[in-house]
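Thanks for coming, everyone. Please look at the screen, and we will go through a couple of residues together.

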Amino acid sequence: MKRYLIYIMMPMAMGFAACDPEGFLDTPVPSIDQNTFFANESAAKSTLVGAYDPAGWMGYIQYLEWAIGDVASDDAIKGGGGDSDQPEMYDIEHFRASPEMEQLSTAWQQQYEGINRANRVIQGVKGNTNISEAAQRRFIAEARFMRAYYHFCLMKVFGPVPLVDHLLEPSEYKGGRASMEACWAFLEDDFKAAMQELPHKKDQPAEDLGRATWGAAAAFLTKCYIWQEKWKEAEALAKEIVASGDYSLQPNYGDLFTIATDNGVESVFDIQLKDFNMTQWGDENEGSMIEIYQRSRDDRNGGWGFDQPTQNLYDEFEAGDPRREWTIIKHGDVLWKGTDDEETIYTNYDPVHNPDAPAVGYCRRKGTLPKSQRPSMEDAASLNVRVIRYADVLLWQAEAAAHNGSDWQTPLNAVRKRVGLGESPYKSDPLKAVYHERRVELAMESHRYWDLVRTGRGNLIEGYTDNKRYLPIPQSEIGLNPNLTQNPY
């Protein structure tokens with residue numbers, strides 16, 4: 001279900017102070033109330049699509065997620081055209097983010113927009129006699145899944161946040177932050193409720209691929225357990241996902257980050273993105289700008305050169321691990337050999353073609369598209385974001401099992417076998433083996449920072465201190481809601 005534009009008109013009051021010599025504002029306006037959007041199942045489904053839509057907007061998944069997950073970690077540097085190019089990302093990288101940072105307020109607002117839309121679906125569908133009971137259950141389950149997803153994104157960045165489980169009245173706009181325990185309980189409830197009603201991926205018709213499934217809800221619930229160190233629950237649920245038969249590892253690791261494998265056998269939950277061949281820049285475009293952000297900055301390759309892998313990450317890969325070449329591009333690498341898309345990638349300093357290249361000399365390969373698949377507009381790449389894939393679930397199972405003293409080798413070795421590797425070189429230290437495998441398997445997929453801080457290894461990141469774990473609450477939000485307390489950043 002590739003995302004598409006949907007503009008949902010909601011009742012609002014508007015005041016006009018300007019004069020109106022033509023009397024235009026006196027013209028009766030058609031009345032569109034809440035029921036209009038839920039008059040039948042088709043209309044309700046369109047509104048549900050609107051609840052998915054903010055997940056792909058540029059503020060969070062296409063910027064802040066990897067700016068923190070990769071760039072703020074030891075996996076990547078900011079890159080781009082020097083320190084003054086995207087200075088906000090430079091500040092995130094060096095742990096000096098400010099509450100006035102626009103990227104933080106945009107991400108905050110967009111997630112709450114998604115939460116509001118999900119709550120509107122729940123309110124409009126529940127008990128609606130125009131919609132079958134089966135459709136009601138499915139739509140509400142999807143809305144609760146997305147509501148929990150948006151809250152989870154906020155919690156990753158900001159810690160405990162205000163919980164919103166219904167459409168707010170104006171008198172409720174100034175709620176304070178919930179406790180972290182309450183936030184986790186809220187997410188668990190929503191993901192569990194979604195699991196009860198959502199179909200398995202293997203039972204979905206092709207046109208529904210991309211919609212939330214039982215496996216997606218179960219995987220996010222597993223992730224909640226992992227982050228809370230509920231190891232028994234995490235291992236049991238990860239095993240259930242594995243046993244479901246809904247997913248398998250993509251046979252060739254190099255095929256994972258291609259348009260051809262969007263919503264593929266390994267995708268547990270993708271953010272849906274598509275190039276609609278639009279001619280305008282901005283959020284009206286439903287494609288992705290990640291690809292051009294991260295492609296080599298050399299003018300022969302035409303990208304912006306951000307999110308560049310570090311030597312530290314390059315050295316983490318074992319000799320003979322093919323995942324390194326599918327993750328990191330070196331200067332002079334030739335991609336898509338023997339095809340019309342064959343291209344040499346230049347990553348080093350070049351006074352003519354790349355005068356402001358960072359010294360690291362590497363680019364991110366995952367998600368780099370061949371020329372024939374690049375869009376005409378810079379923010380329109382038609383490539384999904386892999387939020388959770390099956391290898392992640394297997395490695396959660398291994399991590400939980402390592403804590404539980406049970407079989408961690410089987411799921412971990414399944415991930416290694418896919419790329420032709422035998423037992424981990426760290427097999428005598430189960431957690432070290434898991435941490436190594438997560439880093440190389442999921443490298444440059446926006447996981448590293450979160451993995452380090454949740455496991456108490458933030459000291460591996462230069463400049464990190466525990467009070468920097470969460471980023472500042474946007475000052476604009478605190479100005480609107482004085483009941484919000486600031487993080488000790």
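Leaving aside neighbours within four places in sequence, which residues is L256 in contact with? There are six names to find on your screen: Q250, T261, E266, R386, R389 and R418.

Before going on, a word on the model. This is a predicted model. Its mean pLDDT is 91. Of the residues in the protein, 92% reach 70 or more. Watch residues 2-32, though. There, pLDDT stays under 50. For that stretch, the model has 40 contacts beyond four places in sequence.

Back to L256. Where is it? Look at the loop between α8, residues 231-243, and β2, residues 267-271. Is L256 buried or exposed? Its relative accessible area is 3%, so L256 is buried, since the cut-off is under 20%. L256 and A194 sit 62 residues apart in sequence. In space, they are 27 Å apart, C-alpha to C-alpha.

Next stop, H436. Find helix α14, which covers residues 430-441. H436 has its place in that helix. Why does H436 count as buried? Because its relative accessibility is 3%, and buried means under 20%.

What does H436 touch, not counting residues up to four places away in sequence? The list is E316, E318, R416 and Y426. Pick out E318 from that list. The side chains of H436 and E318 are joined by a polar contact of 2.9 Å.

To recap: L256 lies in a loop, H436 lies in a helix, and L256 is buried, as is H436.

Methods: Residues numbered from 1 in each chain as written. Predicted model: local features only at pLDDT ≥ 70, side-chain atom pairs only at ≥ 80, totals over all residues. Heavy atoms only, no water. Helix = DSSP H or I, 4+ residues; strand = E, 2+ residues; numbered from the N terminus. Buried < 20%, exposed > 50% of the residue type's maximum accessible area, 1.4 Å probe, protein only. Polar contact = N/O pair within 3.5 Å; in protein donor to acceptor, adjacent residues only side chain to side chain. Contact = heavy atoms within 4.5 Å. pLDDT = per-residue confidence, 0-100.
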